[in-house]
Amino acid sequence: CETVLMPEPARVTQCLSSQAGCPLACAFCRTGGLGLSRSLHWSEIVDQWLAGRRALPRGRRVTNLVFMGMGEPLLNRTALEEAVRFLVSPEGGGIAAGRVTISTAGIVPGIDWLGATLPQVKLAVSLNAPDDGLRSRLMPVNRTHPLRELIAALRRYPTGRRPVTIEYVLLGGVNDAPAHAAKLARLLRGVRCTVNLIPFNAHSGLPFA
């Protein structure tokens with residue numbers, strides 16, 4: 001698995017993996033092409049934070065955590081919960097729960113579980129398409145948890161003061177037309193959210209720009 005440090009002047013964000021590989025096979029994701037080796041134990045998730053802490057220069061510390069590395073966090077819920085509870089505890093990582101973001105490809109039962117179990121953390125959803133046909137081609141998980149079910153889960157999610165982040169990777173000529181934007185706005189009506197548009201990191205391994 002991998003972990004990534006993203007230092008900025010005012011904060012240091014660390015991206016954590018929840019699995020080695022991933023079973024969801026999203027078309028635009030290199031990790032999805034690996035398949036799933038296994039889920040990580042909660043201590044292996046914490047070990048990534050420890051490795052990041054050791055790599056930082058003196059006087060700098062991890063201030064924000066995002067579960068956006070390898071794997072689907074909501075398919076490894078027990079380990080996710082134990083790791084997060086350690087990382088936000090004063091005796092553990094001491095990171096504010098509001099600075100922890102869990103990103104999911106849209107595991108609807110997991111979203112309901114997260115809202116009930118760890119309501120102080122932030123939720124991000126990798127959406128990437130405004131309709132079922134396109135999303136199912138890009139993200140096979142949509143065949144199990146279609147947009148109707150996913151959007152309903154987001155409407156009932158306890159956002160509090162923290163809106164859900166909708167992650168939308170822009171794939172040239174695939175999901176980035178003005179018509180897609182208009183459809184996305186209609187789809188998300190009634191969902192307390194912000195939309196994060198992400199340029200695709202083009203490379204030779206995948207047929208997108």
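**Entry 1: the nonpolar core.** I looked up the largest nonpolar core of this predicted model and found that it has 58 residues. A nonpolar core is a set of buried Ala, Val, Leu, Ile, Met, Phe, Trp, Tyr and Cys residues joined through side-chain atoms within 4.5 Å. Buried means under 20% relative accessible area, exposed over 50%, and partly exposed in between, with a 1.4 Å probe and protein chains only. Phe28, Ile102, Leu114 and Leu154 have the most contacts inside this core.

I then listed what Phe28 touches, where contact means heavy atoms within 4.5 Å. Leaving out residues up to four places away in sequence, its contacts include Leu138, Met139, Val169, Leu171 and Phe200.

**Entry 2: basis of the values.** I noted that residues are numbered from 1 along each chain as its sequence is written, and that side-chain values use heavy atoms, with hydrogens and water left out. Local features need pLDDT of at least 70 and side-chain atom pairs count only at pLDDT 80 or more, while totals for chains, interfaces and linings use all residues.

**Entry 3: Val191.** I located Val191 in the loop between helix H6 (178-187) and strand E9 (193-199). Helices (H or I, at least four residues) and strands (E, at least two) are DSSP runs, numbered from the N terminus. Is Val191 buried or exposed? Val191 counts as buried because its relative accessibility is 8%. Beyond residues up to four places away in sequence, Val191 touches Ile151, Leu154 and Arg155. Leu154 is also among the residues with the most contacts inside the largest core. I also checked Ser17, 174 residues from Val191 along the chain; the two C-alpha atoms are separated by 27 Å.

**Entry 4: strands around E8.** I examined strand E8 (residues 164-170) and found five of its seven residues buried. Two strands pair if DSSP finds at least two bridges between them. Strand E7 (residues 122-126) runs parallel to E8, and three bridges join them; Ala124 has Thr165 in E8 as its bridge partner. E8 and E9 also run parallel, joined by seven bridges, and Glu167 stands opposite Asn196 in E9.

**Entry 5: strands E1 and E2.** I turned to strand E1 (residues 4-7) and strand E2 (residues 12-15), which pair in the antiparallel sense over four bridges. A hairpin of four residues joins E1 to E2. Val4 stands opposite Cys15 in E2.
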